[in-house]
Amino acid sequence: MYRIRSFEEYQAQYRRSVAEPEAFWGDVAASYLWKKPWHQVLEWNFREPDVRWFTGGSLNITENCLDRHLETRGDQTALIWEPNEPGDQPEFISYRELHRRVCRYANVLKQQGVGKGDRVCIYMPMIPDLAVAVLACARIGAIHSVVFAGFSAQSLADRINDAGAKAVLCSDGLCRGNKEIPVKAVVDEALEHCSTVQYVIMSRRTYWPVAMKAGRDILLDEALNTVGDDCPAEAMDSEDLLFILYTSGSTGKPKGVVHTCGGYMVYAGYTFQNVFQYEDGDVFFCTADIGWITGHSYIVYGPLLNGATSVMFEGIPTHPDPGRFWQIIDKYRVNQFYTAPTAIRSLMTFGDEHVLSYNLHSLKLLGTVGEPINEEAWHWYHTHVGKGRCPVVDTWWQTETGGILLSGLGGLSPMKPAHAGLPLPGVQPVLLSPEGTELTEPEAEGLLCMKAPWPSIIRSTYGDHERCRQTYFSAFPGYYFTGDGAKRDADGMYRIIGRVDDVINVSGHRLGTAEIENAINQHPSVAESAVVGFPHPIKGQGIYAYVITRGIIENEEDIKSGIIECINSAIGKIARPDKIQLVSGLPKTRSGKIMRRILRKIAEGETDNLGDTSTLLDPAVVDALIAGRL
Ligand code: PRX
């Protein structure tokens with residue numbers, strides 16, 4: 001009933017979703033299994049903020065992802081797992097088998113005393129146990145917090161401590177491309193700084209020797225031998241927490257974005273079905289990692305809610321060669337393919353021959369996510385991967401939005417390169433001027449905000465609700481502020497320009513500049529630093545660090561590699577700067593504020609046009625920066 005099959009249907013649903021949101025979302029939600037119906041669809045204000053969907057209702061998302069499919073599609077493949085090495089054995093996990101594995105893993109958690117409301121941190125490579133662990137937590141009402149397994153021990157410890165996690169679920173090691181990460185050893189290092197964790201449950205992946213701490217560490221395989229297949233799904237209130245996912249913002253400390261059970265389920269399922277125009281029997285391949293929101297919503301929850309077959313890939317696009325994605329599409333006859341612009345730009349540089357060597361006829365739709373896609377990459381994707389016949393959906397959304405907000409719907413909507421497009425039903429975007437006035441002309445450029453809640457809007461930042469209010473709801477009272485700037489064309493289609501805050505988007509990974517500066521400042525020879533993004537042909541944005549050192553510097557390269565070490569250990573390799581310029585001063589105003597605008601211009605190479613520099617305390621600093629520019 002809520003499957004949109006034409007542009008007219010989209011328009012009709014959109015109109016209804018704005019005119020009578022409660023009736024609209026009530027109808028969408030009615031297509032799911034509820035243990036107890038809700039008494040009110042929506043209560044909200046953006047002041048506190050306090051947003052509640054489907055209040056009074058109770059459900060378990062895993063019954064909707066798994067149990068409800070057992071009778072109709074128990075033997076259908078739910079997950080196809082493709083290992084890092086193409087020659088290794090893939091896994092085809094049916095809905096029945098996934099249900100069994102989730103129940104057993106959930107019973108292991110219960111055996112250790114993990115239950116409803118407990119926080120569980122999951123730090124794992126892209127192996128089936130990761131999806132199973134996520135669902136096992138949801139099964140028993142434990143709140144999962146998945147941390148991407150490329151983050152350092154220090155980042156992991158910060159996230160464990162912020163969430164007060166009771167257990168950590170991990171693997172022994174991981175191989176991604178040619179890289180190896182001793183996952184369990186990283187967990188051990190992190191746990192030296194954590195006091196809340198009682199148990200570590202470890203899956204075997206690499207079979208590397210690992211230290212096991214008696215009384216704390218449990219081998220999953222052994223524990224599974226002691227439990228049964230039956231695990232009733234915990235009844236969860238619609239607004240009980242489903243998960244926490246940490247993301248970077250303008251301030252130094254990543255924040256735990258909170259999503260709740262009912263609204264997230266309804267929206268993840270609805271958007272998966274409609275944006276990707278998924279048909280029964282299709283094979284869907286999203287290349288994200290489950291450590292990011294894209295993996296949560298469109299590898300695990302969205303596909304499974306729709307009884308889909310979802311591909312989970314352990315490796316990277318260039319291993320063993322840059323044809324790997326195309327080989328996987330060919331091998332599993334993938335119908336919908338969803339990836340990041342940075343991957344497309346990188347694969348483009350290897351020429352067309354890899355794409356041409358595989359049969360991509362199964363493809364019906366292509367999607368992108370995570371950052372703006374430039375027109376050249378869009379056309380290459382459309383022409384060489386989609387052979388000019390697959391629609392491209394450019395999906396704009398955020399960790400905080402839980403699901404896609406702006407996007408075309410399969411081939412139903414008009415498509416314009418580099419434009420995310422129209423809002424989904426229930427989504428009410430507006431563009432504001434910096435003073436907070438709504439720009440009502442059809443064609444406009446401004447700050448992208450939302451003026452009404454959709455079911456999977458962020459509910460809070462874990463442990464600090466005020467931070468949620470401050471970050472998203474205080475800049476423009478009455479609106480959710482996305483942090484992005486956007487343009488709207490005469491047809492109402494949105495084009496995202498990029499972040500307007502101190503967040504940078506490097507290869508689709510979101511990083512706070514303050515977070516990177518904090519890491520750099522840990523180096524004993526660093527006095528001060530300032531980090532900005534600059535346009536990068538493959539990554540979208542690169543990281544440019546200006547660093548003031550103290551004392552006499554004997555060897556600049558040693559300092560730079562020391563700084564990179566600090567970043568690797570505080571955050572992880574994803575935050576490694578592309579350029580580090582050692583400087584003697586930073587452009588500051590008389591009140592001591594760093595003029596980042598100038599730093600960005602210099603990093604971009606726009607040194608002739610620095611704008612207004614009259615408030616600079618010492619204009620000579622700028623000349624020195626330009627002279628030493630990398
Ligand atoms: O700047 C926007 C960019 O990614 C940010 C959200 O990052 P994150 O929470 O990590 O979630 C990424 C995956 C949903 C946004 O504020 N972004 C995301 N999708 C697009 C995008 N920018 C342009 N076009 C997109 N399609």
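Helices H17 and H18 are oblique to each other, the term applying to angles that are not under 35 degrees (roughly parallel), over 145 (roughly antiparallel) or 65 to 115 (roughly perpendicular). In this predicted model, local features need pLDDT of at least 70 and side-chain atom pairs count only at pLDDT 80 or more, while totals for chains, interfaces and linings use all residues. Residues are numbered from 1 along each chain as its sequence is written, and side-chain values use heavy atoms, with hydrogens and water left out. The axes of H17 (residues 513-520) and H18 (residues 556-570) come within 8 Å and cross at roughly 120°, where axes are lines fitted to C-alpha atoms, for helices over the stretch in contact, and angles run from 0 to 180 degrees between N-to-C directions. Helices (H or I, at least four residues) and strands (E, at least two) are DSSP runs, numbered from the N terminus. Ile516, Ala519 and Ile520 of H17 are in contact with Ile563, Cys566, Ile567 and Ala570 of H18, contact being defined as heavy atoms within 4.5 Å. By class, this contact has 7 nonpolar, no polar and no charged residues, with Ala, Val, Leu, Ile, Met, Phe, Trp, Tyr, Cys and Pro taken as nonpolar, Asp, Glu, Lys and Arg as charged, and the others, Gly among them, as polar.

In helix H7 (residues 153-163), the buried residues are Ala153, Ser155, Leu156, Ala157, Arg159, Ile160 and Ala163, where buried means under 20% relative accessible area, exposed over 50% and partly exposed in between (1.4 Å probe, protein chains only). Their cover includes H8 and H18 together with strands E6 (119-123), E8 (167-171) and E14 (241-247). After H7 comes glycine 164, with a positive phi near 60°. In H8 (residues 183-191), Val183, Lys184, Val186, Val187, Ala190 and Leu191 are buried. They lie on the same side of H8 because they cover an arc of only 155° around the axis, the arc being that of the directions from the helix axis to the C-beta atoms.

Lys184 is also among the residues touched by methionine 212, which, leaving out residues up to four places away in sequence, meets Met202, Asp217, Ile218 and Leu219 as well. Methionine 212 is located in the loop between strands E11 (199-203) and E12 (217-219) and is partly exposed, at a relative accessible area of 36%. By contrast, asparagine 335, in the loop between helix H12 (324-332) and strand E18 (336-339), is buried, with a relative accessible area of 12%.
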